[in-house]
Amino acid sequence: MLTGGASCRMNSKDAKTVNYARIRAIGKANPPLRLTQEETFRLAGYDNPRILSIFLNSGIDHRHFYIDREHANRHETPDELNLRYLRGAMHTGCRAVEACLERAGMTPRAVDLLLVCTCTGYLCPDLASRLIGHLSFRQDVQRAPMLGLGCAGAVPTLQRASDFARAHPGRVAVMLAGEICSASCYFENTLETAVGNAICGDGAAAFLLSAGPRGDACYPEIVDFGSFLDPEHLDKVGFGR
């Protein structure tokens, strides 16, 4: 199991000698379907009181899903699930990146590196390549897919964006974390599957980072990262058949 964290701080006069990467804008997006935990339980077709208690005691009030309510219970083939993942990831990913760039007052052509973190579907060409074409990034923009990192995947992706920004002052990195968890869920009555179905939702978030002296006064700096990997628990995370 991989866990990680990033340390951030707001700029101060005594910290300006170090060229830390700064988070200059954040954008997020969710699918329009918003359900309470009890609504999600019913939509999934569950009727087990023990599973209902997991849903209601998860600490979650509601979640968003890229799914058609009328067809939520029908069996989807792996190809259909992956197609729904593609559509949902493009829909939420585009909106998150656009919102992030708008808050930064930039266009996609200002971006030098696009990193995309995702683990709930597999695409070839990858999601980053598709977003680059759809949003009209420059043809020489660098891209890096960060695949299969699971729940903690956004942290090492943020670290890669921070590394790029520090190594190239004045250049812009955008990272996107996007998941369509409902496209990787299988509805059955085992408690292990029910726990995942009770806590995971669909959505995306984008961060824009750069390093350099311009307009630094009010942006949080990323000063360090830490992580811990315990290989003994690899069989407790992820999903498989």
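How do the residues of the lining of the second largest cavity divide into nonpolar, polar and charged? They comprise eight nonpolar, two polar and one charged, where Ala, Val, Leu, Ile, Met, Phe, Trp, Tyr, Cys and Pro count as nonpolar, Asp, Glu, Lys and Arg as charged, and the others, Gly among them, as polar. The model is predicted, with local features requiring pLDDT of at least 70 and side-chain atom pairs pLDDT 80 or more, while totals for chains, interfaces and linings use all residues. Residues are numbered from 1 along each chain as its sequence is written, and side-chain values use heavy atoms, with hydrogens and water left out.

Two cavities of 30 Å³ or more are present in the structure. A cavity is a set of points, on a 1 Å grid over the protein atoms alone, where a 1.4 Å probe fits but cannot get out, and lining residues have an atom within 4 Å of a point. Grid points are joined across faces, edges and corners, and a volume is the space filled by probe spheres set on the points.

The second largest cavity has a volume of about 70 Å³. Its lining includes Tyr-85, Val-116, Asp-126, Leu-127 and Pro-145. At least two lining residues come from each of strand E5 (113-118), helix H4 (127-134) and strand E6 (142-147); helices (H or I, at least four residues) and strands (E, at least two) are DSSP runs, numbered from the N terminus.

Val-116, a residue of this lining, is located in strand E5. Val-116 counts as buried because its relative accessibility is 2%, the cut-off being under 20% relative accessible area with a 1.4 Å probe and protein chains only. Beyond its neighbours within four places in sequence, Val-116 is in contact (heavy atoms within 4.5 Å) with residues including Leu-127, Ala-128, Pro-145 and Leu-176. Between the C-alpha atoms of Val-116 and Leu-127, which are eleven residues apart along the chain, the separation is 7.2 Å.

The largest cavity holds about 160 Å³ of space. Of the 17 residues that line the largest cavity, Thr-40, Phe-65, Ile-67, Ser-182 and Phe-187 lie nearest its centre. Helix H1 (37-43), strand E4 (62-65) and helix H6 (191-199) are the elements that give two or more residues to this lining. By class, the lining of the largest cavity has twelve nonpolar, four polar and one charged residues.

Conventions: On a 1 Å grid over the protein atoms alone, a cavity is a set of points where a 1.4 Å probe fits but cannot get out, and a pocket is an open set with protein on both sides within 12 Å along at least five of seven lines; lining residues have an atom within 4 Å of a point. Buried means under 20% relative accessible area, exposed over 50%, partly exposed in between (1.4 Å probe, protein chains only).
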